Amino acid sequence: QAEETLGHYASWLNIRTQKLRDLNGYEFRKPVVIGRRLQLDFARVTAEQFAAKRTAYHREFQEIFFTRYRIADTTVHEFRQGDSLFVLSLRRYKVPVWLLRQYNPDLNLNRIKPGTRIVIPQIERVDSDTGSQGSIADA
């Protein structure tokens with residue numbers, strides 16, 4: 001998932017990050033690639049405990065996001081040759097990848113082809129003092 005690191009996985013598994021690097025042949029500072037499978041070590045926690053910690057992390061992350069932003073509308077983007085999900089997400093539409101995944105649950109976001117249409121939520125910043133909304137560009 002977006003926003004996850006080997007450090008997160010190690011913490012949720014109650015092991016050292018280096019152990020995960022060794023299990024998966026990752027060199028120091030090599031990033032986790034979204035969609036790539038990892039071997040995990042469940043010697044200290046169960047798969048259910050791991051999943052609960054992971055879910056809690058993402059729930060907290062999303063709750064913080066939604067105290068600052070709201071979904072104002074959606075738009076549809078048709079992928080063209082050369083489009084990058086991450087560039088579209090973070091630069092053009094300024095929407096976190098995890099939110100795109102929620103709005104497109106049946107789509108493999110790692111294998112998008114030209115012509116694929118994806119739903120993009122349009123977000124607005126919520127002014128916590130007045131309750132009014134503003135454009136994400138106002139941030």
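Valine 32 sits in the loop between α2 and α3 of a predicted model. With a relative accessible area of 22%, valine 32 is partly exposed; here buried means under 20% relative accessible area, exposed over 50%, and partly exposed in between, using a 1.4 Å probe and protein chains only. Leaving aside residues up to four places away in sequence, valine 32 touches Thr5, Leu6, Tyr9, Tyr26 and Leu38, a contact being heavy atoms within 4.5 Å. The C-alpha atoms of valine 32 and isoleucine 15 are separated by 17 Å, and the two residues are 17 apart along the chain.

A step back shows the whole chain. The protein chain has five helices and three strands, in the order α-α-α-β-α-α-β-β along the sequence. These elements are DSSP runs numbered from the N terminus, with helices (H or I) of at least four residues and strands (E) of at least two. The C-alpha trace spans about 45 × 40 × 25 Å along its principal axes. Of the 139 residues of the protein chain, 27% count as buried. Among contacts between residues at least 6 apart in sequence, 61% join residues at least 24 apart. Residues are numbered from 1 along each chain as its sequence is written, and side-chain values use heavy atoms, without hydrogens and water. Local features need pLDDT of at least 70 and side-chain atom pairs count only at pLDDT 80 or more, whereas totals for chains, interfaces and linings use all residues.

The structure holds eleven aromatic pairs. Rings of Phe, Tyr and Trp (its six-membered ring) pair if their centres lie within 6.5 Å; planes under 30 degrees apart count as stacked, over 60 as edge-to-face and the rest as tilted. Tryptophan 12 and phenylalanine 50 form an edge-to-face pair, 5.8 Å centre to centre and with 70° between the planes. Because tryptophan 12 lies in helix α1 (residues 6-13) and phenylalanine 50 in helix α3 (residues 47-68), the pair ties together parts that are 38 residues apart in sequence. Tryptophan 12 counts as buried at 7% relative accessibility, as does phenylalanine 50 at 5%. Ring pairs also link Trp12 and Phe50 into a cluster with Tyr9, Phe42, Tyr57, Phe61, Phe65, Phe66, Tyr69 and Trp98.

Helix α3 also holds histidine 58. This histidine 58 is buried, with a relative accessible area of 11%. Not counting residues up to four places away in sequence, histidine 58 touches Gln1, Ala2 and Glu4.

Most residues other than glycine have a negative phi. Asparagine 14, although not a glycine, has a positive phi of about 60°. Asparagine 14 lies in the loop between α1 and α2 (17-24) and is partly exposed, with a relative accessible area of 46%. Lysine 94 has a positive phi near 55°. The loop between α4 (85-92) and α5 (97-103) is the place of lysine 94, which is partly exposed with a relative accessible area of 40%.
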